[in-house]
Protein chains: 4
Amino acid sequence: MTSKSADAPDPRPAVTGNGPAVSRREFDALFEAVRTWGRWTPADRGAWNRVTADHVRRAAAGVRSGVVVPLALPWNTRPGPDNRRPALHHMTDLGDAEHDAESREPSAHKDFIGADYHGKAVTHLDALCHIAYRGRLYDGRAAGDVVGAAGARFGAVSALGPLVTRGVLLDLPAVLGVRWLEPGRAVHAQDVTAAERALGVTIGAGDAVLLRSGQVRRRTEVGAWDPDTASAGFHVDAVPLLAERGVVLLGGDGDNDVRPSPVEGVHSPVHALALAAMGVPLLDNLDLEALSVAAAEAGRYDFLLVVAPLKVPGGTGSPVNPVAVL
Amino acid sequence: MTSKSADAPDPRPAVTGNGPAVSRREFDALFEAVRTWGRWTPADRGAWNRVTADHVRRAAAGVRSGVVVPLALPWNTRPGPDNRRPALHHMTDLGDAEHDAESREPSAHKDFIGADYHGKAVTHLDALCHIAYRGRLYDGRAAGDVVGAAGARFGAVSALGPLVTRGVLLDLPAVLGVRWLEPGRAVHAQDVTAAERALGVTIGAGDAVLLRSGQVRRRTEVGAWDPDTASAGFHVDAVPLLAERGVVLLGGDGDNDVRPSPVEGVHSPVHALALAAMGVPLLDNLDLEALSVAAAEAGRYDFLLVVAPLKVPGGTGSPVNPVAVL
Amino acid sequence: MTSKSADAPDPRPAVTGNGPAVSRREFDALFEAVRTWGRWTPADRGAWNRVTADHVRRAAAGVRSGVVVPLALPWNTRPGPDNRRPALHHMTDLGDAEHDAESREPSAHKDFIGADYHGKAVTHLDALCHIAYRGRLYDGRAAGDVVGAAGARFGAVSALGPLVTRGVLLDLPAVLGVRWLEPGRAVHAQDVTAAERALGVTIGAGDAVLLRSGQVRRRTEVGAWDPDTASAGFHVDAVPLLAERGVVLLGGDGDNDVRPSPVEGVHSPVHALALAAMGVPLLDNLDLEALSVAAAEAGRYDFLLVVAPLKVPGGTGSPVNPVAVL
Amino acid sequence: MTSKSADAPDPRPAVTGNGPAVSRREFDALFEAVRTWGRWTPADRGAWNRVTADHVRRAAAGVRSGVVVPLALPWNTRPGPDNRRPALHHMTDLGDAEHDAESREPSAHKDFIGADYHGKAVTHLDALCHIAYRGRLYDGRAAGDVVGAAGARFGAVSALGPLVTRGVLLDLPAVLGVRWLEPGRAVHAQDVTAAERALGVTIGAGDAVLLRSGQVRRRTEVGAWDPDTASAGFHVDAVPLLAERGVVLLGGDGDNDVRPSPVEGVHSPVHALALAAMGVPLLDNLDLEALSVAAAEAGRYDFLLVVAPLKVPGGTGSPVNPVAVL
């Protein structure tokens with residue numbers, strides 16, 4: 001049965017609240033305002049250059065309870081409205097493969113994993129080369145010059161390395177007393193500052209900001225929908241505040257952009273601002289449900305965050321399982 | 001030209017020093033001696049159950065310099081004697097894909113990665129279901145009952161989650177004043193205790209032990225060889241000491257087993273003991289070169305270690321980029 | 001917009017006409033009745049052993065117009081209700097890859113294709129090892145003994161090789177004067193004989209029988225649905241006639257089985273009878289629309305058919321593009 | 001043991017006989033001389049437009065013995081000097097997958113195949129978009145305009161469809177009384193005409209020409225080598241004759257180009273002439289050993305040839321298993 005009773009919630013959301021609308025001209029001014037091209041060396045680590053050994057030390061020193069919370073969704077091999085390019089998982093040895101050696105012990109089980117991981121289903125990090133605006137990657141590099149079928153020669157995930165810094169959870173449903181933000185709900189600068197006040201945390205230089213909209217919970221309770229049609233996420237008007245605070249990573253249980261996009265002619269404006277203007281990598285499709293519970297129990301919304309992308313030379317990002325330590 | 005001058009070192013090593021030989025009966029007695037079946041709940045996290053919040057806190061509190069060192073080799077798509085199943089890396093969008101939305105900005109670059117990651121080329125974690133000895137996984141589960149084409153229902157990497165604990169680097173070449181251990185050189189219990197003394201560190205309960213043989217340096221300087229033919233790694237006689245100390249993870253720049261195997265009829269005896277008897281996951285094919293330098297500079301061989309496998313339901317392990325923080 | 005107006009046809013069909021119901025006991029008797037175990041050498045070519053050089057000669061001699069009709073659907077990378085494991089198509093060289101030689105001319109474009117091709121979206125051949133009934137492959141081989149993670153040692157597609165023989169198109173919609181058979185409509189022995197009469201063709205020994213239900217046209221005109229829920233195809237009561245006639249291949253624009261299955265406890269009874277009992281490979285998911293037009297124009301429903309599976313050692317089948325020559 | 005005794009033949013060949021050298025200017029003149037841009041509609045079927053229904057009829061009518069010979073190498077998943085991007089073959093269901101239906105019978109075995117099939121290991125067809133010379137595909141299309149990460153919009157394999165025509169085997173080792181042509185041996189126009197005389201066959205308009213160098217036999221008997229370093233194949237001086245005769249397909253047990261290339265600054269000159277100038281697709285890496293035996297037994301070197309590429313929209317070619325019928 002694919003039909004639902006009249007009383008069941010429809011997973012396809014009605015969109016409201018993704019505005020206000022932003023003209024292309026306003027967006028371009030915003031892009032200029034937050035742009036940090038020429039600021040960092042090496043340029044393709046972008047804002048991660050801001051994370052000094054001192055930040056790392058302080059983030060580690062902030063560990064209190066020792067509770068470890070992984071933030072990845074399960075590897076998802078089933079297609080759906082939010083999984084158009086399902087990941088692969090193939091068992092390649094079930095202990096029965098011929099072994100080169102004479103001995104058969106121990107037997108080994110092996111598997112192949114594969115993913116075209118950008119999209120809405122795999123928890124992943126976007127490297128700086130993932131997005132170009134008007135043909136330019138971060139730091140002004142022409143995408144056509146540095147990205148080809150063999151990968152990216154600038155802004156690759158292999159240039160980023162891992163991130164160890166303080167993370168801050170903006171748990172909007174907790175702040176607002178709702179189960180989740182409705183898909184299409186934009187998160188504005190005032191939502192960020194309200195969350196800081198309500199959660200007792202202040203975003204500072206070097207921090208990774210993780211936005212919980214509750215959409216993983218919504219998916220579990222209501223069902224899957226097409227997040228390109230409607231997702232809660234940042235409105236571009238929140239970005240100047242985040243830039244001013246010196247954040248180095250934006251992450252979320254969505255892909256960080258409110259959808260539909262409020263910006264004329266730009267389908268992923270927060271991606272463009274963060275990656276191409278500011279050199280700030282993104283974490284898409286996190287599972288922040290357990291972190292929400294753990295943060296509430298601990299009464300604190302900051303933690304040690306470790307993001308360890310696979311070292312893929314020329315890669316545009318990586319599937320990851322970020323780890324929060326409270 | 002593929003030939004080499006007579007003076008150039010031959011990457012194919014002559015094997016000596018992998019002994020003493022161990023009979024199958026002796027091995028089975030060893031297996032019994034270190035076996036911890038029935039000890040942990042949940043069983044498929046094995047020895048990782050030993051890592052309490054207190055271990056995590058102490059490991060984090062041990063961070064001094066804030067230096068972050070990633071431990072993964074680059075994703076390797078080229079076949080070679082040490083890479084029989086090369087990884088895949090395909091660019092799937094070069095900013096020219098048709099977009100569902102009307103707008104074309106920003107443009108996106110995307111890629112597909114895939115790997116049959118067990119073997120000698122990809123830095124990866126072995127989950128408990130990877131290895132069965134005499135048909136039994138850790139905790140005595142019959143492999144035939146719980147592992148099939150759809151994955152493992154016991155001992156999967158998704159049951160492990162991430163590890164945050166203290167890591168200890170056994171930098172054997174530094175201890176011995178050599179560039180690397182020759183492939184085939186066994187590492188014994190007395191090597192471990194000698195390294196502890198020389199490096200000023202003591203392995204304790206909950207620790208992850210990383211063995212540097214220097215083979216990544218050898219590969220760089222001399223060339224690739226078939227590690228199944230000859231690798232430096234642990235002799236099984238080192239395992240009781242490691243078991244006694246309560247280690248929770250063994251890792252190395254090889255695959256942890258000295259090769260050729262000194263054990264009659266068992267091609268990977270350390271794998272069998274660690275995974276199947278002790279419930280201790282393994283990290284294979286680390287790049288420990290940078291960590292060796294950083295540890296020497298810092299004058300300390302322990303650190304915060306974070307291992308964050310991808311959450312693949314039923315998976316036998318995961319490519320990873322472990323992170324050491326000194 | 002995903003909703004449809006009230007007047008638009010719903011791609012999800014209402015099922016009628018898949019019966020009569022068949023008990024498991026009746027099915028097992030049928031299995032015995034058409035079983036040819038022990039009859040052919042080599043056994044894993046099954047019924048294809050029946051195609052002698054004489055059949056090939058006569059099939060070639062039957063070519064009249066020289067019209068060539070390919071029968072494959074396009075390689076389908078988009079998930080849908082009839083495509084749960086979408087195929088992969090990645091461009092791996094866009095003329096910009098580094099070339100080992102000094103010269104850069106000519107430039108080359110390359111691609112990777114991949115597919116878990118069984119299912120409802122890829123035109124493919126089922127080899128004899130694809131299906132086991134009560135644990136037995138064709139010729140009585142125990143599936144557990146001969147099929148493992150490394151592939152099949154009996155009944156693999158590599159043992160089949162290509163088929164060159166006479167094909168017969170049973171164009172049921174043409175016979176019945178309808179656009180297509182409704183999904184769920186069973187094709188019975190009397191439909192086969194009625195089609196023979198109407199189309200002026202008689203199925204004989206060594207023939208490949210292709211059943212057109214028109215479902216490719218329905219998909220184009222109405223939209224995709226889940227063929228596991230409802231497909232037109234053979235009822236098991238048609239199989240004894242086909243066996244008696246000595247057919248060597250069954251193909252269709254569906255997967256040959258009417259669905260839902262009319263047989264108690266057997267989800268794919270025609271697969272079981274054809275592959276496991278009779279040693280008759282299957283062609284699933286053909287596009288027979290152009291052949292229907294060409295056959296009507298030519299006024300004949302038999303033709304030279306060439307099926308050339310990829311030579312995958314141990315493979316369970318192969319994507320194919322069968323060719324009809326009228 | 002990887003070393004060989006002094007008496008064993010070294011699979012790495014010494015190259016002689018790939019000349020005479022050809023200047024870039026001479027090559028460009030040759031390109032102009034055989035160029036057929038603007039001649040065919042649809043352009044991206046190129047020379048296959050030459051194959052009329054009459055050719056098909058005559059090719060089918062030429063079948064005498066009914067012997068069927070497949071021409072594909074086995075799907076090769078092992079890396080080697082001639083297999084840098086090994087194909088994938090993963091079993092994805094071993095009869096144990098959970099089935100949506102209630103019934104468990106029959107059980108099914110399934111597999112995934114994947115390949116970056118251009119190269120030297122997979123038998124495949126090159127479509128016209130595979131090769132650009134000076135940035136131009138066949139018919140003068142700018143490669144940069146029509147080929148991107150989503151595939152080719154001109155010259156794709158999906159535009160070719162299948163080929164049914166007369167094939168001619170140029171069995172050079174049979175003509176010359178040798179086991180194989182040494183790698184690096186160029187095949188010239190006079191070799192082609194000498195083979196025609198010796199084998200009693202004349203290449204004509206619409207024919208597919210298959211060149212046997214015997215390198216598959218050499219690989220079996222001597223071992224694998226890097227075919228980019230040395231392969232027997234056509235010298236460009238043979239191409240005008242083939243163009244004059246109106247051939248529609250060139251195939252071989254190598255990749256059709258003699259290597260090293262005799263042409264200054266052009267690594268694959270026969271590819272450039274055939275695909276980009278003449279619109280003649282190529283078949284690379286055929287196994288012509290069985291066809292050589294069958295042709296000798298039949299005393300004839302022409303046959304019905306069927307090539308049925310997978311219908312991959314935008315694809316640059318396809319793995320194939322061409323079929324000869326004598």
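## Basis

This is a predicted model, in which local features need pLDDT of at least 70, side-chain atom pairs count only at pLDDT 80 or more, and totals for chains, interfaces and linings use all residues. Residues are numbered from 1 along each chain as its sequence is written, chains are lettered from A and ligands numbered from 1 in the order written, and side-chain values use heavy atoms, without hydrogens and water.

## The A–B interface

The buried area is about 6,200 Å², with 65% from carbon and sulfur atoms. Buried area is the accessible area (1.4 Å probe) that two parts lose on being put together, summed over both. Glu105(A), His109(A) and His267(A) supply 11% of what chain A buries against chain B, more than any other three residues.

Strands are DSSP runs (E, at least two residues), numbered from the N terminus. Strand 3 of chain A pairs with strand 3 of chain B, antiparallel, over five bridges; pairing needs at least two DSSP bridges. Gly114(A) has Gly114(B) as its bridge partner.

## Around Asp255(A)

Asp255(A) is buried, at 6% relative accessible area (buried means under 20%, 1.4 Å probe, protein chains only).

Definitions and conventions
Helix = DSSP H or I, 4+ residues; strand = E, 2+ residues; numbered from the N terminus. Buried < 20%, exposed > 50% of the residue type's maximum accessible area, 1.4 Å probe, protein only.
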